[in-house]
Amino acid sequence: MSWAVPLMFAAALAARAPEERQALIDLAYVLGEAHALRQVCSGTGDQTWRVRMNRMMELEQPDTGLERRLVDAFNAGFMTRQAERPACDAGALAAERATAVRGRALSEKLARSGP
């Protein structure tokens, strides 16, 4: 799931418009979902998507209010998927693929909006 990579190369330090801030919040939620789904199949030691979330935060350097919203969105996405998919099965794998599609679309949208 390399869909977050374009986001990492976006010039993200500029102030974001309200719709871009919402897209960041939506992406944080999706990253939380991806983190939960990855861990259910790869184990709790897999921190791939948490690391990506932390990198996004480093690049964005959000103000305190947006930072809180991003963290809350990540945690909500994680908890939702963790509760829905407690075992690695075909449903978890399908959910991971669907999450990747949503994440790719959001990251590409954000990459296009960069300066």
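Buried, for this talk, means under 20% relative accessible area, and exposed means over 50%. Keep those two cut-offs in mind. This is a predicted model.

Start with Arg16. Arg16 sits in the loop between helix 1, residues 5-9, and helix 2, residues 18-42. Is Arg16 buried or exposed? Its relative accessible area is 11%. That is under 20%, so Arg16 counts as buried.

What does the Arg16 side chain contact? There are two partners to show. Another goes to the side chain of Ser113, at 3.0 Å. Glu60 belongs to helix 3, which spans 48-60. Ser113 belongs to helix 5, which spans 90-113.

Now Ala15. Ala15 also lies in the loop between helix 1 and helix 2. Its relative accessible area is 77%. That is over 50%, so Ala15 is exposed. Arg16, in that loop, is buried. How far is Ala15 from Asp63 in sequence and in space? They are 48 residues apart in sequence, and 9.7 Å apart in space, C-alpha to C-alpha.

On to Gln61. Gln61 lies in the loop between helix 3, 48-60, and helix 4, 64-84. Its phi is near 45 degrees, a positive value in a residue other than glycine. For context, most residues other than glycine have a negative phi. Gln61 has a relative accessible area of 57%. The exposed cut-off is over 50%, so Gln61 is exposed.

Arg81 lies in helix 4. Its relative accessible area is 12%, so with the cut-off at under 20% Arg81 is buried. The Arg81 side chain makes a polar contact with the side chain of Glu33, at 3.0 Å. Which residues does Arg81 touch, leaving out those up to four places away in sequence? The list is Glu33, Ala36, Leu37, Ala95, Thr99 and Arg102.

Last, the largest nonpolar core. How many residues does it hold? It holds 18. Those touching the most other members are Leu24, Leu27, Ala28, Leu31, Met53, Met56 and Leu70. Helix 2, helix 3, helix 4 and helix 5 each give two or more residues to this core. Which helix gives the largest share? Helix 2 does, with 8 residues. As background, nonpolar side chains tend to be buried together in soluble globular proteins.

To recap the arginines. Arg16 is buried and in a loop. Arg81 is buried and in helix 4.

Key:
Residues numbered from 1 in each chain as written. Predicted model: local features only at pLDDT ≥ 70, side-chain atom pairs only at ≥ 80, totals over all residues. Heavy atoms only, no water. Helix = DSSP H or I, 4+ residues; strand = E, 2+ residues; numbered from the N terminus. Buried < 20%, exposed > 50% of the residue type's maximum accessible area, 1.4 Å probe, protein only. Polar contact = N/O pair within 3.5 Å; in protein donor to acceptor, adjacent residues only side chain to side chain. Contact = heavy atoms within 4.5 Å. Core = buried A, V, L, I, M, F, W, Y, C linked by side-chain atoms within 4.5 Å.
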